[in-house]
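I opened my notebook to write down what I looked up. The structure comes first, my entries after.

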Amino acid sequence: MVDENNVGWNFDNSYTHLPEMLFSEQEPTPVKSPSLVILNESLANSLGLDSESLRSDEGVSVFAGNQLPEGSKPIAQAYAGHQFGHFTMLGDGRAVLLGEQITPHGDRFDIQLKGSGRTPYSRGGDGRAVLGPMLREYIISEAMHALGIPSNRSLAVVTTGEPVIRETEKPGAILTRVSSSHIRVGTFQYVANQGAKDDLRTFADYTIERHYPGLKDADDPYLSLLEVVIKNQAFLISKWQLVGFIHGVMNTDNITISGESIDFGPCAFMNSYDPATVFSSIDREGRYAYGNQPKMAMWGLARFAESLLQLLHDDDDQAVEIAQNSLTKFKDWYHEYWLRGMRAKLGIFNEEDDDEKLFEELLKLMYKHEADFTNTFRALTYGQFEGINVCDTREFEQWHEKWQTRLDRQEQSDAESKELMRQNNPAVIPRNHKVEEALEAAEENGDYSVMDRLLAVLSSPYDHSIEQTEYTSPPPDSDRPYRTYCGT
Ligand code: AMP
Ligand code: MG
């Protein structure tokens, strides 16, 4: 059954014109009794969708996969990926792409249901998702967006009225994800592995057209594609590092070509500063620890370069040389973006050679004194150091003096400096214990008010308002290792 489209769905399905190997036609599996638990109204508006109609029975049945919106040609996408270093065939095992919404501004966004039933890529899985993790993905993706970090977004969560079997029975749910595309490094790996050179070329051309149309006329569009993806990932990872975000599962199926963050399963924000921080329960060796993220992004990008080799040069050796040359640029780009971000966090407008040393000294002190990452920068922004342990030390005083002298050497005023800091140091991040509190209220008591308040606060992290204060404290027992899980 197709709805009557009072909602504003305006689908194109360009992905379905790609070589057949890249997807399987797949309708979502209907669910028993869907109920909308959260809708992102501002995102709906920007997509050209009418919130009131989305809340109607018809609107909700689309989010549940019980009804297809007009113009939808649902598919599951094929991809592969290195998971914790091991190559595997994957694909959307529990997701369906309804189509690409063309917004009133002419932008194109994938509308994907996650948790919508089995697909040909489900392997042993049930194709379903649990309410808690879907709400978690909603909260984190929206928080990332508000922090100014490229990210896919969340439009809605519905409960299905059906239980999902995990360690225990859990309430089933479906998340509607919105993304500039779901093309991953792993998608390129899949085509390079399974397809002919023509398939790879077709797919690379499609990707360029969709994400980087300006590159079509470049001397070598495929090399330019490789480099822009490397550059955008360098930017993205610098943004993660600058707010203390730990993705947790930087497998190549979770690295996008658009440069957006995707897949917020076992991720978390760091409390006290420690580069070795790991949150994911399945990452026992710390492969994706905070301090390893730049290195791991580069590892993933090397897999992307490998998958493009055939298009880079007819001679294998020369292709490898070209790819390696591009990969080495990651480090410099990342470093440049990180320095720029740290200068902004400390209110510095101009560049001096010793800036990096100043930043490293501060981080070293924060590490030594287990200082809370977000709150230390917040304290520096306000000049209020009460309760920030690192700031009580003589070492910090010396560092502070050095920093003040550095600020005095630039022409901008103190007020300008503080404003720059306010714009670059969030007052709030989605702290694990606050997220858990919201999920618990929702899951156990059907009370969504805690989550609504959390989302409201997280939607303007640079406001530095009174209401945010309650959300700024680290967990009561910050030594307690926090574990997040994926595959749920
Ligand atoms: P993720 O850890 O979410 O990146 O997922 C890795 C792979 O496992 C993807 O191909 C998912 O589609 C698949 N997957 C995760 N959970 C399920 C599930 N419950 N049923 C089927 N496939 C799943
Ligand atoms: Mg994934």
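Are Asn254 and Asp263 buried or exposed? I looked both up: Asn254 is buried, and Asp263 is buried too. Buried means under 20% relative accessible area, exposed over 50%, and partly exposed in between, with a 1.4 Å probe and protein chains only.

I noted the ground rules. This is a predicted model, where local features need pLDDT of at least 70, side-chain atom pairs count only at pLDDT 80 or more, and totals for chains, interfaces and linings use all residues. Residues are numbered from 1 along each chain as its sequence is written, chains are lettered from A and ligands numbered from 1 in the order in which they are written, and side-chain values use heavy atoms, with hydrogens and water left out.

Next, I checked the metal. Asn254 (OD1) and Asp263 (OD) coordinate the magnesium ion (ligand 2) at 2.0 to 2.3 Å. Donors are N, O and S atoms within 2.8 Å of the metal (3.2 Å for Na, K and Ca); water is not among the atoms, so sites may look incomplete.

Then I turned to Gly65. I found Gly65 in the loop between helix H3 (57-63) and strand S4 (75-77). Helices (H or I, at least four residues) and strands (E, at least two) are DSSP runs, numbered from the N terminus. Gly65 counts as buried because its relative accessibility is 6%. Leaving aside neighbours within four places in sequence, Gly65 is in contact (heavy atoms within 4.5 Å) with Pro28, Thr29, Pro30 and Leu113. Leu113 is 48 residues from Gly65 along the chain, yet their C-alpha atoms are separated by 7.5 Å.

Last, the whole protein: 57% of its 488 residues count as buried.
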